[in-house]
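Please look over the structure shown below before reading the notes on it. They are grouped by topic and can be checked one at a time.

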Amino acid sequence: MNAPQTASTVYIVDDDEAVRDSLRWLLEANNYRVRAFPSGESFLAEYDEKRPGVLIVDVRMPGMSGLELQEQLLARKSTMPIVFITGHGDVPMAVSTIKKGAIDFLEKPFDETDLREIVGRMFEQANERLSQAQAQREHDAMLARLTAREQQVLERIVAGRLNKQIADDLGISIKTVEAHRANIMEKLQVTTVADLMKVALIKPEISA
Amino acid sequence: MFITIDQEMRQHRLIWVVIALSVVIVIALLILWRYTRYRSEAEAALIAETGFRRAMENSMSTGMRVLDLEGRIAYVNPAFCRMIGWNEADLIGRLPPFPYWVPGMHDTHQQTLESVLAGKAPSSGLELEAQRRDGSRFNARMYVSPLLDPQGNQIGWMTSMTDITEPKRIREALTAAHERFMTVLEGLDDAISVTADTNDGLELLFANRTYRRLFGAQTNGHDELLAGRRGRYTDESVEIFSASVQRWFEVQHRMLAWTDGRRVRLQVARDITERRQHEETSRIQQEKIQITSRLTTMGEMASSLAHELNQPLTAIANYSMGAVAMVKSGHANMEALLPALEKAAAQAQRAGKIISRIRDFVKRSEPRRQAIQIQTVMDNAISLAEIHSRKRQVAISHNVPENLPDVFADPILIEQVLLNLLKNGLESMEHSAVETLVVAVTLHDNQIEVAVTDRGHGLSDPERLFEPFFSTKSEGLGMGLNICRTIIESHHGRLWAVSNPEGGTTFRFTLPCVSSLEAQKNLQSEELLT
């Protein structure tokens, strides 16, 4: 089992050296751990999923643009929160980034309060997503402990079938169904059928 | 011998009788001889005459044929025989159908013959097709006249016949050529006309279909397209607008010798209305692009400057905010702060360099001011706005008092400002009930004020129009009026907008006059300062 992860790094991707360096300075002064990259390509080459964080990226860059980087991360199923740096007049572009899941956009020059607020929000979201993923993983692991037969029984319990009907469906005795049922409750660490239903039904909601 | 007187006398008398008789005989012989000689001379003459006539008939190229009153062939000459390829012997005494009739057309031939025998053959002759013995055919023209004997009684019909195959072929070829030529001329899209000068004006000698369709069969069109160029003919074509048909023509003139030897004018007019319209549209398009590109260049420049300046400003802000945060937190250390502050300073210099680059650029495009008449600038701007005015069917009325003093300004820039205001006004009035955009010029306190009043949709706060990137147009950049204001202000004038009580907006701008020398001096010294 993995230890619960927390996002701690702010990744910066900006082609302008001065903006990149000064932003790193500002964030470090606010006690964030920062890693800065001059291009989307260099970021993707070094980014390690095991060190989750949040991403501040310039919309306009030569080579891979901020939008393309966002696409690439989406394609990799990354849940990393993204904020875009925009100049004046990039608003329509910024709107499209938000539609694709970016948290917000920062207009240059930055307002310190806005920046802090946004970065804070990004970390909140990053950690929320991480813990959600963690819960999902635990849940998956729990369900994975069920045997094939137990899973068949669980499916039918969730579908609202009675023990007798399940026994008929699977061609086993009611006693055996009851035994499976007890095992399932134990493995999923629940005591009531209501809890069992909750655990079994969480799965589709999360993976959706 | 014994001879009596009586006997002697009788003998004497007898001798005289004999002598007398001999004389008579001699005379009779003489007469007979002369008569015989006369007869033989007459005969020889007759033979010569007959031979001559025969020779004539034989050498004639016209075929001769005589039909008797029943329609039997009584006589043919060798030319006739040659023409149809039958011998005299085959023809003489024949009754119709004649061997030279075309098989299958006997009815026609029969009818013709009947009309000939009835004396109804036209005096202008008749044309028919005949077939030779070898089966080949030819066209013949026949003239028929009654044949009379010396007493004046008709004894038959005399027919002369000529082979007109070749002349007919030539004539047909000519007709076909003429028809082809006419078809081409008639089918041309160019209006072609030929006229001759007469004492009463022009006489139309020829007009093709296109010309007739456009101008009718009269000389008016030709005259109109001459456009007073009588007597001057060059190969150059001239573009002329015909008011009568409301179309443009490319017209070429040429002097020609007509069939009757007269010198006439040939005029070829090509309708180029569509081409002109096309050219006009693309010219307008071009003009529009030029005008907008001048404005967009300024807009783009402003936008790219904003971006460029943003970078160092962002960096400076970041370094400073970071430094502040560090100092505030209480564990600031000099070694960490120093490079950040140095970097901030470097970024400030970067911003400074950008600013001086803008300076250079602005200097290069500094207005070229001169003393100008506002009327001239206005006429130019209005003529440029005509296109938009026509498109939107809004008229521009302008009122400029006479004897206005000059203004000291860059005519191109002021023209741009005015054009921009006119265009905005026209655009706002596109769906307005009032159809006139009013431009008025007034003079107050040594300042010329130009007011452009539209009756368009109007705006609750017209000052907003001058904000950069504010636009009421979907494709507008929102830089136009902002730039206009900058231009007017650089001329020491003012540009502002007020709402019209009757609806719409009035834009006003002022420009200082150069009527007083002092004002001019002031302006020039200010010029030097900038």
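In this predicted model, five strands of chain B form an open sheet in the order 12-14-15-17-16, with mixed pairing. Its edges are strand 12 (395-399) and strand 16 (495-499) of chain B, each of which pairs on one side only. From one strand to the next, the twist averages 20°.

**Around the sheet in chain B**

- Strand 12 of chain B runs parallel to strand 14 (residues 436-444) of chain B, and five bridges join them.
- Within this pair, B:N399 stands opposite B:A440 of strand 14.
- Helix 10 (residues 374-392) of chain B packs on the sheet, where it touches strand 12, strand 14 and strand 15 (447-453) of chain B.
- The direction of helix 10 of chain B makes about 170° with that of strand 12 of chain B.
- In general, strands of a sheet pair through backbone hydrogen bonds, and the pairing is either parallel or antiparallel.

**Chain B as a whole**

- Chain B contains 13 helices and 17 strands.
- Of its 530 residues, 22% count as buried.
- Among contacts in chain B with a separation of 6 or more, 53% are between residues 24 or more positions apart.

**Nonpolar cores**

- The largest nonpolar core has 48 residues, and A:V54 and A:V83 have the most contacts inside it.
- Beyond its neighbours within four places in sequence, A:V54 is in contact with A:A7, A:V10, A:M80, A:P81, A:V119, A:M122, A:F123 and A:A126.
- Another core, of 36 residues, lies apart from that one; B:A381, B:L418, B:V439 and B:A497 are among its members.

**Where the two chains touch**

- The contact takes 17 residues from chain A and 19 residues from chain B.
- On the side of chain B that touches chain A, helix 8 (273-329) and helix 9 (334-364) of chain B each supply at least two residues.
- Helix 8 of chain B gives the largest share of that side, 16 residues.
- By type, the residues of the side of chain B that touches chain A are ten nonpolar, eight polar and one charged.

**Backbone details in the loops**

- The peptide bond from A:K108 to A:P109 is cis, with omega near -15°. A:P109 is found in the loop between strand 5 (104-107) and helix 5 (112-144) of chain A.
- B:P96 and B:P97 are also joined by a cis peptide bond, with omega about 0°. The loop that holds B:P97 is between helix 3 (88-91) and helix 4 (106-117) of chain B.
- A:K77 is not a glycine, yet its phi is positive, about 60°. This residue is found in the loop between helix 3 (66-75) and strand 4 (82-86) of chain A.
- Is A:K77 buried or exposed? A:K77 is exposed, because 7 other C-beta atoms lie within 10 Å, and 12 or fewer count as exposed.
- B:D445, in the loop between strand 14 and strand 15 of chain B, has a positive phi near 45° and is a residue other than glycine.
- B:D445 is exposed, with 8 other C-beta atoms within 10 Å.

**Confidence in chain A**

- The mean pLDDT of chain A is 83, and 91% of its residues reach 70 or more.
- Over residues 204-208 of chain A, pLDDT stays under 50, and the model has one contact beyond four places in sequence for them.
- Where pLDDT is low, the predicted coordinates should not be read in detail.

Terms used:
Residues numbered from 1 in each chain as written. Chains lettered and ligands numbered in written order. Predicted model: local features only at pLDDT ≥ 70, side-chain atom pairs only at ≥ 80, totals over all residues. Core = buried A, V, L, I, M, F, W, Y, C linked by C-beta atoms within 7 Å. Buried ≥ 20, exposed ≤ 12 C-beta atoms within 10 Å, placed from the backbone. Contact = placed C-beta atoms within 7 Å. Pairing = 2+ DSSP bridges. Helix = DSSP H or I, 4+ residues; strand = E, 2+ residues; numbered from the N terminus. Axes fitted to C-alpha atoms, helices over the stretch in contact; angles between N-to-C directions. pLDDT = per-residue confidence, 0-100. Nonpolar A, V, L, I, M, F, W, Y, C, P; charged D, E, K, R; others polar.
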